[in-house]
Amino acid sequence: MKVDSVVSEPIKGQKPGTSGLRKKTRQFMERGFLENFVQSIFSATGGAKGKSYVVGGDGRFFNKQAIQIIIKMAAANGAAKLIIGQDGLLATPAASHLIRLNKTDGGLILSASHNPGGIDQDFGIKFNTPNGGPSAQRITDAIYNFTKTISQYFIVNADDIDLSKIGITHLGNMKIEIVDPVSDYKDLMETLFDFDKIKALFASGFSMQFDAMHAVTGPYAKAILEDCLGAPKGTVINGIPLPDFGNGHPDPNPVWAKPLVDFLMSEEGPDFGAASDGDGDRNMILGKGIYITPSDSLAVLAANIHLAKGYTKGISGIARSMPTSGASDRVAKALGIECYETPTGWKFFGNLLDAGKVGICGEESAGTGSDHVREKDGLWAVLLWLNILAVRKQSVAEIMQEHWSVFGRNYYSRHDYENLDTATANSLINALIEKIANLKGQEFCGLKVIAADDFSYNDPVDNSLSSNQGIRIFFEGEARVVLRLSGTGTQGATLRVYLEQYTSQDGDHSLDPQIALKAVIDATNALVKIEHYTSRKFPDVTT
Ligand code: G16
């Protein structure tokens with residue numbers, strides 16, 4: 001086998017965002033672009049010699065070609081073994097599990113998550129460390145620094161590997177194991193949840209629809225929900241992963257999964273609805289006539305997790321990202337356990353999970369997970385809900401109403417202003433940062449600011465400090481707004497505005513969130529002057 005050392009194109013300085021490197025697919029397809037990043041991953045983490053990696057992606061356009069490049073580069077860099085999902089497919093949580101199960105030196109995951117796929121859409125890559133989780137900031141920084149100075153990458157000149165056949169093959173001295181993407185993950189789920197109880201629930205006539213959004217969870221959901229748990233065929237819709245996700249936007253929220261939401265809100269709708277995203281780490285939960293916000297879902301799951309067989313001992317603590325609502329803090333308080341508030345990004349949960357400080361984590365961006373892997377896990381959240389429904393024998397709406405009557409309701413909504421001019425978005429944030437110190441005591445549309453800051457996080461495990469993680473403004477009357485710029489977009493800037501208003505146990509829990517949040521929305525507009533900066537009267541996406 002001929003090993004070529006190729007001098008790469010000078011595409012330097014590829015800066016990973018909230019979750020790895022995400023760019024337009026055409027950029028990734030330029031010779032030397034993906035190669036630079038992959039070489040930087042290997043070189044900045046001590047080299048690939050003798051190491052083993054898990055490799056897989058969400059099946060989007062360029063997934064298979066990217067995997068062939070990674071295979072040849074891993075061989076040229078002296079890797080000992082790759083474990084690859086059949087046809088190049090691996091849901092992100094399944095990849096995390098395979099890294100942990102096989103004790104590999106990490107994994108390369110190909111996905112731009114919930115972003116659309118296709119030659120004119122998005123592609124992405126990230127490196128997960130041996131604990132199965134996204135690299136911590138210092139590793140991401142080391143990779144980024146390497147991309148700035150890299151001058152060559154190593155790749156072998158060889159034929160493509162057949163990714164469709166399960167089994168073992170070799171490229172030079174490197175072993176390649178093509179595995180069923182679903183089976184180990186399914187086995188793990190079976191250790192965590194009472195499959196018998198969920199089977200009995202489906203056998204009793206309980207109905208569900210799962211929208212895989214033409215993305216990676218289709219095969220997982222069919223194998224687990226339909227083949228194993230006895231949900232009727234057709235429970236999983238859009239279940240075949242397509243390179244362009246059927247021209248859709250595989251983001252499981254009320255905007256991009258509207259048909260599913262409409263179905264659940266209709267008379268003929270099923271008892272339970274769920275969806276997952278491009279790479280299978282996000283989830284959306286619905287009951288008949290009710291949409292559950294990710295923040296509420298985290299709180300309900302935390303309050304009921306002990307009902308599932310893998311968690312009967314309860315959990316040591318809860319972690320949520322800062323913009324996620326305070327609903328889970330109330331559960332933690334009631335359970336007498338700690339609730340950690342971390343910056344946005346699943347990587348910040350890694351240390352807390354590894355140290356055993358928390359047993360469940362969640363984010364407003366539709367991510368929930370536990371210590372079973374080191375990624376958020378869409379199907380896991382769906383199965384935990386099913387397990388709880390099977391044990392409590394109540395509807396989703398009843399469980400939610402009961403939860404609010406015990407803990408009160410944190411009304412919550414996120415307003416996104418997409419594809420803004422980056423300089424404009426930065427000037428809005430910078431102007432706000434300048435104002436922060438003087439906000440306390442000021443009143444906006446009748447709401448008085450009681451505190452405001454630019455969020456910093458001091459990791460309690462390794463003491464690392466992460467600053468400038470979003471602006472928090474707290475108002476009198478248990479209301480809050482958070483503003484930050486998205487770290488996952490590939491075009492312009494996206495301003496995210498997270499709005500929250502708490503209503504106590506005996507308050508009205510039946511309001512439309514946009515109505516319940518009207519005072520905070522008005523106060524935010526007066527304080528931040530979003531229209532003045534962006535010329536946008538309304539957000540592009542409201543969830
Ligand atoms: C990624 C991270 C999540 C994070 C989200 C935030 O999600 O994995 O932990 O909450 O980004 O996105 P943004 O910066 O756009 O608000 P994913 O599902 O895209 O990998």
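User: Which ring does the charged end of Arg330 sit over?
Analyst: The ring of Tyr502. The charged end lies 3.3 Å from the ring centre. Bear in mind that this is a predicted model.

User: And what about Arg409, which residue's face does it lie over?
Analyst: Trp404. The distance to the ring centre is 4.0 Å.

User: Switching to ring pairs. How many aromatic pairs are there in the whole structure?
Analyst: The search finds 13. One of them joins Phe42 and Tyr53, with 5.3 Å centre to centre and 45° between the planes. That pair is tilted.

User: Where do Phe42 and Tyr53 sit in the chain?
Analyst: Phe42 is in helix H2, residues 33-44. Tyr53 is in strand S3, residues 52-57. They are 11 residues apart, and the pair links distant parts of the chain.

User: Phe42: buried or exposed?
Analyst: Buried, with a relative accessible area of 1%. Tyr53 counts as buried too, at 1% relative accessibility.

User: Next, Tyr185 and Tyr220. Why is that pair edge-to-face?
Analyst: Because the planes are at 90°, and over 60 degrees counts as edge-to-face. The ring centres are 5.6 Å apart.

User: Which helices hold them?
Analyst: Tyr185 is in helix H6, residues 183-192. Tyr220 is in helix H8, residues 217-228.

User: Last one. Which residues do ring pairs link into a cluster?
Analyst: Phe28, Phe33, Phe62 and Phe123.

Note on methods: Residues numbered from 1 in each chain as written. Predicted model: local features only at pLDDT ≥ 70, side-chain atom pairs only at ≥ 80, totals over all residues. Heavy atoms only, no water. Phe/Tyr/Trp six-rings, centres within 6.5 Å; stacked < 30°, edge-to-face > 60°. Helix = DSSP H or I, 4+ residues; strand = E, 2+ residues; numbered from the N terminus. Buried < 20%, exposed > 50% of the residue type's maximum accessible area, 1.4 Å probe, protein only. Lys NZ or Arg CZ within 6 Å of the ring centre and 35° of its normal.
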